[in-house]
Amino acid sequence: MKKNGWLFNRKIEHKKPESEVYKLTIVGNPNVIKGLMCVEIKREHVYMHLVENAPFNRGKVKMYAGVTGNLIAFACRLSFQRGHDGNVSFLSKTDLIEHYEKTLVAFHFGGRIMIIETKSAIKLINRYFKNLEL
């Protein structure tokens, strides 16, 4: 996959026993991956190890908007399903901390640690998964 422009090596991530790897596709075209995410279910939250857009979904000229938000909303939904009240954490690139505070209403815990709490998780789920129950 790296030869195709991906930074995410899902085969390596998938081999880790604590990891769950998810891909985002569109209806009618399940073979073209729009984005990938690797999460770990912790004791009290879901931790996102990696989230990546497909190479054609990066930068200003992207084929599909909202891929990252959709994957993160899925992680929040997964957190509710696993009994963690929508709580999700991840490490941010330092130049994206403010962006995640604004777009995800994530809380900057310190260093590079970002946390999405219940209220913000519900907003993300409602934005990307309309008409779905938690």
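Contact here means that heavy atoms lie within 4.5 Å of each other, and buried means under 20% relative accessible area. The legends below describe close-up views of a predicted model.

**Figure 1. Helix H4 and the parts that cover its buried residues.** Helix H4 spans residues 118-128, and its buried residues are Ser 120, Ala 121, Leu 124 and Ile 125. Seen down the axis of H4, these buried residues fall within an arc of 135°, so they line one face of the helix. An α-helix has 3.6 residues a turn, so residues three or four places apart point the same way. What covers the buried residues of H4 includes H2, H3 and E6, while on the other side of the helix Lys 119 and Lys 123 are exposed.

**Figure 2. Ser 120 within helix H4.** Ser 120 has its place in helix H4, where a relative accessibility of 9% makes it count as buried. When its neighbours within four places in sequence are left aside, Ser 120 is in contact with Leu 104 and Val 105.

Figure 3. Six strands form an open sheet in the order E1-E2-E3-E4-E6-E5, and their pairing is mixed. Strand E1 (19-24) and strand E5 (107-110) are the edge strands, each of which pairs on one side only. From one strand to the next, the twist averages 30°. Helix H2 (residues 67-81) packs on this sheet, where it touches E1, E2, E3, strand E4 (88-91) and strand E6 (113-116), and the direction of H2 makes about 160° with that of E3. Phe 80 has its place in helix H2, and with a relative accessibility of 18% Phe 80 counts as buried. The C-alpha atoms of Phe 80 and Val 46 are separated by 9.3 Å, although the two residues are 34 residues apart along the chain.

**Figure 4. Strands E2 and E3, with Asn 53.** Strand E2 (residues 35-41) and strand E3 (residues 46-53) pair in the antiparallel sense, over seven bridges. Within this pair, Gly 35 stands opposite Asn 53 in E3. Asn 53, which lies in strand E3, has a relative accessibility of 14% and counts as buried. A polar atom of the side chain of Asn 53 lies 3.2 Å from the backbone oxygen of Asn 57. Leaving aside neighbours within four places in sequence, the residues in contact with Asn 53 are Trp 6, Lys 34, Gly 35, Arg 58, Val 67 and Thr 68.

**Figure 5. A salt bridge between Arg 82 and Glu 20.** A search of the whole structure finds four salt bridges, and one of them joins Arg 82 to Glu 20, with the closest N and O atoms 3.0 Å apart. Arg 82 lies in the loop between H2 and E4, whereas Glu 20 lies in strand E1, so the pair ties together parts that are 62 residues apart in sequence. Arg 82 counts as partly exposed, at 37% relative accessibility. Side chains of opposite charge can pair when their charged atoms come close.

Figure 6. The side chains of Arg 58 and Glu 52 meet in a salt bridge, at 2.4 Å from N to O. In this pair Arg 58 counts as partly exposed, at 30% relative accessibility, whereas Glu 52, at 7%, counts as buried. A salt bridge is also formed by Glu 44 with Arg 43, where the closest N and O atoms are 3.4 Å apart. Here Glu 44 is exposed, with a relative accessible area of 54%, and Arg 43 likewise counts as exposed, at 74% relative accessibility.

**Figure 7. Glu 101 in helix H3.** Glu 101 is found in helix H3, which covers residues 97-103, and a relative accessibility of 32% makes Glu 101 count as partly exposed. Beyond its neighbours within four places in sequence, Glu 101 is in contact with Ala 106, His 108 and Met 114. The C-alpha atoms of Glu 101 and Ile 116 are separated by 9.3 Å, and these residues are 15 residues apart along the chain.

Terms used:
Residues are numbered from 1 along each chain as its sequence is written. This is a predicted model: local features need pLDDT of at least 70, side-chain atom pairs count only at pLDDT 80 or more; totals for chains, interfaces and linings use all residues. Side-chain values use heavy atoms; hydrogens and water are left out. Two strands pair if DSSP finds at least two bridges between them. Helices (H or I, at least four residues) and strands (E, at least two) are DSSP runs, numbered from the N terminus. Axes are lines fitted to C-alpha atoms, for helices over the stretch in contact, and angles run from 0 to 180 degrees between N-to-C directions. Buried means under 20% relative accessible area, exposed over 50%, partly exposed in between (1.4 Å probe, protein chains only). A polar contact is a pair of N or O atoms within 3.5 Å; within protein, one must be able to donate a hydrogen and the other to accept it, and residues adjacent in sequence count only if both atoms are side-chain atoms. The arc is that of the directions from the helix axis to the C-beta atoms.
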